[in-house]
Amino acid sequence: MALKNLWEQERSQRLQITAERRQKVNQWKQLTQQEFQLQADILHQELSSFATSLDNNRKLQQQQFQQEIAERQLEILQIKTDVWQRQQEYCQQRTAKGQALFQNLQNFRAILHNSVWGDYSDEQAVSPTPAKQEKLVVIPKRSISRSAIKATGFRPSANIMTKKVPALNADTVKSKVQQYIQQAEGATLIEIEEVIGLSRVQTIDILRSSIKEGVLEQRDRQYFIRQQAIYSQT
């Protein structure tokens, strides 16, 4: 009986110890579950905060991108406007320059026309020569310098070196022109036609023919006898 009681007593102690251990295990499980739940809640809260922050950042970046796109579009529009304005200004400047150049060309042509043709009009320049016209002949035996001719006002009506004669043929007139140029040591177109008494067309034809023949040469709007032609005449 004593052994039986002892065994039962030990058995009771073992059962009590097992129950205590089970109780501790259950407590540990509860604590562990609570900790896990707390950590899960914290993680869920952090994840929710991160997702919210990420969404806010995405929306903010999207707004910034849209704003930048709008600014770029405004810049592009401004650049297009500036380019259009510059094109208009360039076209206006080019038109103004073209008009100025055209005006300068017209002025240059007028000056050149006056320098070459004098104050004669086109109708006077191409007017036909009368059939009977008095000519001026220069006496070739007496030499006179160009300065003396200009100083004395050499004109057909008053110069002692000229006299009125009937109209001569082309070769005679050409010879008179060459003699006058040689005596005057060079002459202009206006001087030749005034002294000899020719029209503008006749004077130009004679000068061109003499230049082609190598008798005359032109320098600075004046006509001179070539040296070779002088040597050949002597």
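**Figure 1. The largest nonpolar core of the predicted model.** In this predicted model, the largest nonpolar core contains 18 residues. Val177, Tyr180, Ile181, Ile192, Ile196 and Leu207 have the most contacts inside this core. At least two core residues each are supplied by helix 4, helix 5, helix 6 (200–213) and strand 4 (222–225). The most is given by helix 4, which contributes five residues.

**Figure 2. Surroundings of Ile192.** Ile192 is one of the residues with the most contacts inside the largest nonpolar core. When its neighbours within four places in sequence are set aside, Ile192 is in contact with Val177, Tyr180, Ile181, Ala187, Gly197, Thr203, Leu207 and Tyr223. Ile192 is also among the residues through which helix 5 meets helix 4, and it takes part in the contact of helix 5 with helix 6 as well.

**Figure 3. Packing of helix 4 against helix 5.** Helix 4 spans residues 170–184 and helix 5 spans residues 189–196. The two axes lie 11 Å apart, and the helices pack at an angle of about 120 degrees. Since the range counted as roughly perpendicular runs from 65 to 115 degrees, helix 4 and helix 5 are therefore described as oblique to each other. Their crossing is right-handed. On the side of helix 4, the contact is formed by Lys176, Val177, Tyr180 and Ile181, and on the side of helix 5 by Glu191, Ile192, Val195 and Ile196. By class, six of the residues in this contact are nonpolar, none is polar and two are charged.

**Figure 4. Packing of helix 5 against helix 6.** The axes of helix 5 and helix 6 come within 10 Å and cross at roughly 115 degrees. Helix 5 is therefore roughly perpendicular to helix 6. The crossing of this pair is right-handed. Leu189, Ile190, Ile192 and Glu193 represent helix 5 in the contact, while Arg200, Thr203, Ile204 and Leu207 represent helix 6. The residues of this contact comprise five nonpolar, one polar and two charged.

**Figure 5. Packing of helix 4 against helix 6.** The axes of helix 4 and helix 6 cross at roughly 75 degrees and come within 10 Å. This angle makes helix 4 roughly perpendicular to helix 6. Helix 4 contributes Val173, Lys174, Val177, Gln178 and Ile181 to the contact, and helix 6 contributes Ile206, Leu207, Ser209, Ser210 and Glu213. The contact of helix 4 with helix 6 divides into five nonpolar, three polar and two charged residues.

Figure 6. Helix 5 is largely enclosed by the rest of the structure, because six of its eight residues are buried. The buried positions of helix 5 are Leu189, Glu191, Ile192, Glu193, Val195 and Ile196. For the protein chain of 234 residues, 20% count as buried. Gly197, which follows helix 5, has a positive phi near 85 degrees. Gly197 is also one of the residues in contact with Ile192.

**Figure 7. Two loop residues with positive phi.** Glu185 is not a glycine, yet its phi is positive, at about 55 degrees. Glu185 is located in the loop between helix 4 and helix 5. With 54% relative accessibility, Glu185 counts as exposed. Asp220 likewise is not a glycine and has a positive phi of about 55 degrees. Asp220 belongs to the loop between strand 3 (216–219) and strand 4. Asp220 counts as exposed, its relative accessibility being 74%.

**Figure 8. Ser115 and Leu189.** Ser115 lies in helix 1, which covers residues 2–117. With a relative accessible area of 29%, Ser115 is partly exposed, whereas Leu189 is one of the buried residues of helix 5. The C-alpha atoms of Ser115 and Leu189 are separated by 9.9 Å, although the two residues are 74 residues apart along the chain. Among contacts in the protein chain between residues at least 6 apart in sequence, 65% join residues at least 24 apart.

**Figure 9. Secondary structure surrounding the close-up views.** The protein chain comprises seven helices and four strands. Along the sequence, these elements follow the pattern α-α-β-α-β-α-α-α-β-β-α.

Definitions and conventions. Residues numbered from 1 in each chain as written. Predicted model: local features only at pLDDT ≥ 70, side-chain atom pairs only at ≥ 80, totals over all residues. Heavy atoms only, no water. Axes fitted to C-alpha atoms, helices over the stretch in contact; angles between N-to-C directions. Parallel < 35°, antiparallel > 145°, perpendicular 65-115°, else oblique. Left-handed = near helix turned anticlockwise from the far one by under 90°. Contact = heavy atoms within 4.5 Å. Nonpolar A, V, L, I, M, F, W, Y, C, P; charged D, E, K, R; others polar. Core = buried A, V, L, I, M, F, W, Y, C linked by side-chain atoms within 4.5 Å. Buried < 20%, exposed > 50% of the residue type's maximum accessible area, 1.4 Å probe, protein only.
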